[in-house]
Amino acid sequence: MKTPTKLLSLSATAMLILSVSGCNDSNNRRQPEPPAPAPVAQPVTLTQALDTTLPSSQLMSSKIQSYGLPSTSINSMRLPSWEMDDGSDTLVTVSSTLTASQEVMANAAMAYGQTMASAQATIMVDKMSGMISGEVIVKDLGEAVTALHIHSGYAGANGPVLIGLQQDPENEMRFVIPDNTMLSNLAMEMGNDLATFEAGGWYFNLHTASMPMGHLRGQILPDGVETLRVKLDKKQQVPMQMGWSDSAAVAYFTYYDEANDSVIGNVQVMGFSGTMAHIHSGFAGENGDVTIALEDISSSIPNSMSGTFFRTPSDAKLTNKMMLQNGGYYFNVHSSANPAGEVRGQIAPATVEVSRVELQSGQEIPKVTTPASDNVTGVGYVTVNKDSEFVKANLQVNGFEATMAHIHKGYAGKTGDVEAGLMNVTADMGIANAGMFFQSANDAKLTDMMALANGGYYFNVHSATNPAGEIRGQILMSNTQASHVILSKEQEIPMVSMPSSDNAMADGYFTVNTMNNSIHAIVRNSGFSATAAHIHSGYAGSNGGVSIGLTDTSSMYEMPAGSVFETAMYAMTEDAMGLLNGGYYFNTHSQANPSGEVRGQILFNGVQAIQFPLTAMQEVPSVMMPASAQAGGMGYVTANMNNNMVTTNVWTNDFTPTMAHIHSGYAGENGGVVTALTKSDMDNSFSSMTTMTAEQMTMLANGGYYINVHSEQNPAGEVRGQLLLPNIEVTRVMLEAAQETNPVSTPAADNAGAVGYVTVNKNTQDLVANLYTMNFAATAAHIHKGYAGSDGDVAIGLQDVSSMMQAPAGTRFKSEMNAKVDNFQQLLMGGYYFNTHSNANPMGEVRGQITTQQSQVFKINTTDNGASAMGYVSLKDKMSGSVEGVLTVSGINNTMVTLENGQAESINWAASTSAENTYVLDSQMVKSPMPLTKGEYSVTVKGERKQ
């Protein structure tokens with residue numbers, strides 16, 4: 001009976017187990033895994049300071065800071081003809097100089113006399129018998145004379161032939177009036193009479209094949225006739241016209257009958273079409289009423305346009321002889337663009353001088369540190385009759401309201417007492433802006449006419465901001481020049497390495513009258529106490545002996561000893577020509593530097609001096625194995641653009657030079673020798689002094705010459721330096737594959753590269769480009785338009801000139817001469833680039849951005865674990881802070897890009913609408929461009945890292 005009980009118990013257990021299993025039958029299938037949690041977004045930040053620039057740099061050439069003060073003579077030129085005293089009452093003998101500038105041509109090609117040729121003529125007319133004789137001697141013409149005549153016609157107008165001269169069979173440069181030429185047998189033309197001759201209505205005219213209408217001309221002016229040649233320009237207009245213009249005119253004024261006040265005026269207009277022309281009453285710097293209206297005679301002049309030739313009526317008179325004798329009339333030609341006057345020119349007789357003075361804050365003593373505005377300017381005029389000592393002054397200011405204006409007595413660099421007060425006549429002119437126009441009284445006088453002739457007076461205009469003087473301008477007559485010289489340690493030979501102080505410098509002023517050789521010089525030192533100061537003979541880059549000693553006059557100005565030095569009264573120079581060529585310098589000495597603390601070259605208008613380094617890098621190709629690691633040099637060139645005198649000095653260091661030359665050739669190319677420099681017996685320096693031709697001076701002005709110094713190790717050239725005047729800028733560009741926008745995966749060679757040079761004339765906007773490749777042959781080379789990181793069209797094609805340079809094909813390229821880009825401002829802003837192509841990479845093997853002095857390009861290349869940003873920031877203008885940029889980002893979502901300067905500034909970049917993952921900075925402005933140039937800005941990329 002017990003056994004069943006056990007079975008029952010087991011069965012119950014089994015049933016219980018089954019029952020439990022049955023209850024879970026619905027969950028027998030495997031349940032799906034729960035969803036994984038979403039990954040957490042990982043923020044990523046990439047930051048790179050803008051401290052890496054593209055390898056594009058400027059060749060250094062610094063202008064020596066010395067310049068002529070902007071005071072110029074605008075005097076009329078009396079034509080070079082005069083009656084000779086032969087002791088006869090009936091015989092009139094007149095001498096005349098023939099020049100190209102007197103020619104009257106419809107194309108105005110020779111209007112300013114751009115030729116060295118001349119001729120000297122003599123004519124004799126017997127008023128009793130009517131006999132005419134004379135001769136012409138021709139000089140420096142350079143071609144055969146086809147004809148030589150005497151014509152009738154007043155200065156500035158052409159007329160018919162009266163007499164044909166004959167060539168001397170024994171002297172081809174001599175022409176004579178034929179025998180038995182009489183007044184009675186002259187050609188039957190208007191003006192063939194004695195009265196026209198005596199009124200200055202005849203002229204000589206020499207013809208050539210190149211100038212068949214006339215190559216040289218000379219007016220015949222007997223006694224009692226004065227003819228003036230007057231240049232008209234926009235600068236003389238009142239108010240003064242701003243900006244550049246090629247509008248000009250030449251006028252001739254003949255005053256021939258004093259008893260009847262008769263005058264003849266002829267005007268030739270260039271660069272525009274005149275609507276009217278007049279003679280007005282008014283001194284230089286003031287406007288006046290119309291006195292004589294001229295007639296447009298353009299239709300009677302062959303090949304001339306309307307509004308280009310004007311003439312006074314036949315009965316024209318000027319009745320106010322005093323005004324005329326004192327220079328109180330002017331020509332004014334009007335245009336549709338400037339109905340009040342396009343160009344103007346003062347009629348100044350031989351006894352009258354007119355000085356046009358530009359006033360500047362930089363001429364004030366002491367210097368103006370806080371001007372009334374950023375654009376304070378002024379222009380003054382002084383008219384002086386040297387015979388009667390009549391003086392008239394007019395002055396106009398802009399950019400501020402003047403409180404007073406005076407003429408003071410004092411040389412450049414000095415202050416002096418008021419000699420003539422100027423009246424404020426702004427309201428009289430109907431102008432609301434008070435304190436703009438000032439004028440001297442009609443009876444104004446200056447007490448020292450000799451001081452005026454020697455440059456010893458100046459304008460001074462005062463303001464509420466600067467009551468002692470806002471702007472100042474030295475009054476310089478035709479024979480006087482003044483120079484403001486900045487003295488610096490860098491000009492010392494050798495350069496000062498341990499100055500008395502970090503801010504040791506000086507300002508020098510030098511005034512010279514080239515007619516009587518009188519001079520005045522003053523030096524004002526700052527940052528140190530000088531022990532002595534002198535004027536030395538010597539061009540830039542050379543040392544010379546003391547020529548003039550200066551005296552310490554600091555106590556006169558209540559300044560510490562050693563602050564001010566100047567010449568004695570009535571100091572003289574024996575070498576005015578050397579001064580005008582730039583052959584003298586100020587030198588100020590100190591205890592720390594007894595041979596010279598600071599130095600400054602004395603340069604006048606038309607003379608420039610430059611200082612530039614000589615380096616192995618500038619050689620073509622660059623020197624790989626220099627004579628020494630520090631091999632280099634410094635070059636100095638002084639160029640007188642007035643007489644083509646060029647002086648060169650070269651110093652070398654850390655190698656032994658064998659020869660040195662001036663070569664022709666733009667940066668990036670080699671050329672032939674122009675001038676050999678002479679090596680000093682004392683040291684490793686070289687020098688030369690030469691007079692260049694006009695063509696050579698043009699090459700120099702365009703940056704087409706360089707100095708090359710040779711050595712035994714590098715006979716083709718150890719160091720080189722380009723001669724770059726201030727208007728020339730040269731950029732050296734290293735081309736590299738990394739700058740190509742299409743990645744170069746297989747370069748033509750492992751070390752493929754190129755060097756390009758761009759020489760830019762900022763005055764003419766012309767450029768010359770040279771490029772040479774390294775370790776590969778290029779199929780083509782161009783300059784393209786486009787900022788860094790973007791592609792653009794070809795702007796200038798470069799020609800393969802390898803064969804001309806005796807180099808392998810595809811290694812030397814050059815642009816045409818005087819090439820131009822369509823957007824010069826973009827070129828200055830770094831918006832063009834070199835691109836060189838090859839068979840391996842036809843889209844571009846190596847590329848290099850062209851930057852200038854005003855632009856800079858920063859490279860961006862930053863990565864972080866798969867996230868990256870690559871691109872460029874172009875600083876287009878270091879002054880204004882205009883920037884442009886392009887950036888390609890990868891590995892980042894929800895991207896935000898900024899250009900930052902710490903907490904001070906943040907500029908957002910925009911997503912490109914044309915390229916994925918690309919961000920652009922389009923013509924933005926940073927607040928602080930200077931810190932940007934110093935690497936104090938950065939580009940920051942923020943977002944989420946792509947998973």
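Gln-765 is placed in the loop between strand S56 (753-761) and strand S57 (766-774), where strands are DSSP runs of E with at least two residues and helices are runs of H or I with at least four, both numbered from the N terminus. Phi of Gln-765 is near 65°, a positive value in a residue other than glycine. With a relative accessibility of 38%, Gln-765 counts as partly exposed; the term covers values between buried (under 20% relative accessible area) and exposed (over 50%), with a 1.4 Å probe and protein chains only. The model is predicted: local features need pLDDT of at least 70, side-chain atom pairs count only at pLDDT 80 or more, and totals for chains, interfaces and linings use all residues. Residues are numbered from 1 along each chain as its sequence is written, and side-chain values use heavy atoms, with hydrogens and water left out.

Asn-517 has a phi near 65°, again a positive value in a residue other than glycine. Asn-517 lies in the loop between S37 and strand S38 (518-526), and its relative accessible area of 24% makes it partly exposed.

| Cis peptide bond | Omega | Loop holding the proline |
|---|---|---|
| Ile-365 to Pro-366 | near -5° | between strand S27 (352-359) and strand S28 (377-385) |
| Ile-493 to Pro-494 | about -5° | between strand S36 (480-487) and strand S37 (505-513) |

Strand S44 (residues 584-589) is mostly covered, with six of its six residues buried. Strand S39 (residues 532-537) runs antiparallel to S44 and is joined to it by six bridges; two strands pair if DSSP finds at least two bridges between them. Within this pairing, His-536 has Tyr-585 of S44 as its bridge partner. S44 also pairs with strand S45 (residues 598-601) in the antiparallel sense, over four bridges, and Phe-586 stands opposite Gly-600 in S45.

An open sheet is formed by six strands in the order S3-S46-S47-S48-S52-S51, with antiparallel pairing. Its edge strands are strand S3 (62-63) and strand S51 (678-679), each of which pairs on one side only. S51 is joined by two bridges to strand S52 (residues 685-691), and the two run antiparallel. Thr-678 has Ser-687 in S52 as its bridge partner, and a hairpin of five residues connects S51 to S52. Strand S48 (residues 645-653) is joined to S52 by seven bridges, also in antiparallel fashion, with Val-646 opposite Thr-690 in S52.

The protein as a whole contains eight helices and 70 strands. Its radius of gyration is 39 Å, well over the 30 Å that the globule rule gives for 947 residues, so the protein is more spread out than a compact globule. The radius is taken over C-alpha atoms, and the rule is 2.2 Å times the number of residues to the power 0.38. The C-alpha trace spans about 190 × 70 × 70 Å along its principal axes. Of the 947 residues, 54% are buried. Among contacts (heavy atoms within 4.5 Å) between residues at least 6 apart in sequence, 67% join residues at least 24 apart.
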